[in-house]
Amino acid sequence: MTRVLETTRFGRLEVTSEAVVYFPKGLPGFEDHYEWVVAGEDENPIKWLQSVKDEDVALPVVSSLLIEKNYDPALSSEDLEALGGDAHKLTVMVVVTIPPAAPWDMTANLRAPIVVNHEERMAKQVISGNEAYEVRTPVLPQSVRDLMRKQAVGGES
């Protein structure tokens, strides 16, 4: 079955039922948003978790491995069981925050990843059992942030 969403960010999206990811308890702040789809350009590492319920709601996400190569959210046994019990079926994404006036200062929430069972199309945002991860982890290295800031502010290269 195909559904049509008229989204704020992407315009018209045709979504198959196989593309919908179900969050049994929603997401923090969006507890009544159970169905989401991942949208975005193939070549762009930043994707968008688009709410099916509210076409104005979309959260930027990236693969956790793009931020932290050896990322290990240390899932609890309860979280793992709620997601189907097989870690090999899981994909981990993290929400990014992109300040409009300073996109070079974007951060990723490694403390509360979104874990998706890609076979069951079921997901959950969890709290990482690894307390070393932060809510606001810089996405870009400091040298890149400094260069981007310099170019934006002074127009220099």
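Which residues does Ser-64 touch, not counting residues up to four places away in sequence? In this predicted model, Ser-64 touches Tyr-71, Val-92, Met-93 and Val-94, where contact means heavy atoms within 4.5 Å. Ser-64 sits in helix α1, residues 64-67; helices (H or I, at least four residues) and strands (E, at least two) are DSSP runs, numbered from the N terminus. Ser-64 counts as buried because its relative accessibility is 3%; buried means under 20% relative accessible area, exposed over 50%, and partly exposed in between, with a 1.4 Å probe and protein chains only.

Residues are numbered from 1 along each chain as its sequence is written, and side-chain values use heavy atoms, with hydrogens and water left out. Since the model is predicted, local features need pLDDT of at least 70 and side-chain atom pairs count only at pLDDT 80 or more, while totals for chains, interfaces and linings use all residues.

Thr-107 is another residue to look at, found in strand β8, residues 107-108. With a relative accessible area of 14%, Thr-107 is buried. Leaving out residues up to four places away in sequence, Thr-107 touches Val-95, Val-96 and Thr-97 as well as Arg-136, Thr-137, Pro-138 and Val-139.

Arg-12 belongs to strand β2, residues 11-16. Its relative accessibility is 53%, so Arg-12 counts as exposed. Residues up to four places away in sequence aside, Arg-12 touches Val-4, Leu-5 and Glu-6. From Arg-12 to Ala-152 the separation is 140 residues in sequence and 32 Å in space, C-alpha to C-alpha.

Next come the aromatic rings. Rings of Phe, Tyr and Trp (its six-membered ring) pair if their centres lie within 6.5 Å; planes under 30 degrees apart count as stacked, over 60 as edge-to-face and the rest as tilted. By this rule there are 4 aromatic pairs. One of them joins Tyr-22 and Tyr-34, and this pair is tilted because the planes stand at 35°, with ring centres 6.2 Å apart. Tyr-22 is in strand β3 and Tyr-34 in the loop between β3 and β4, so the pair ties together parts that are 12 residues apart in sequence. Tyr-22 is partly exposed at 39% relative accessibility, and Tyr-34 is partly exposed at 37%. For Phe-23 and Trp-36, the ring centres are 6.2 Å apart and the planes lie at 70°, so this pair is edge-to-face. Phe-23 lies in the loop between β3 and β4 while Trp-36 lies in strand β4, so parts that are 13 residues apart in sequence are tied together. Phe-23 and Trp-36 are both buried. Ring pairs link Phe-23, Phe-30 and Trp-36 into a cluster.

Strand β9 (residues 114-117) and strand β10 (residues 122-125) run antiparallel, joined by 4 bridges; two strands pair if DSSP finds at least two bridges between them. Ile-114 has Gln-125 in β10 as its bridge partner. Between β9 and β10 there are 4 residues, and Arg-121 in the turn has a positive phi of about 60°.

Then there are the pockets. On a 1 Å grid over the protein atoms alone, a pocket is an open set of points where a 1.4 Å probe fits, with protein on both sides within 12 Å along at least five of seven lines, and lining residues have an atom within 4 Å of a point. Grid points are joined across faces, edges and corners, and a volume is the space filled by probe spheres set on the points. The largest pocket has a volume of about 220 Å³. Its lining has 14 residues, and Val-38, Lys-47, Thr-91, Met-93 and Val-116 lie nearest the centre. Strands β6 (58-63) and β7 (90-97) each supply at least two residues of that lining.

The second largest pocket holds about 180 Å³ of space. Among the residues lining it are Phe-23, Pro-28, Ala-82, Leu-83 and Gln-125, and the largest share of the lining, 4 residues, comes from β10. Pro-28 is found in the loop between β3 (21-22) and β4 (35-39). At 56% relative accessibility, Pro-28 counts as exposed. Pro-28 and Val-139 are 22 Å apart in space, C-alpha to C-alpha, and 111 residues apart in sequence.
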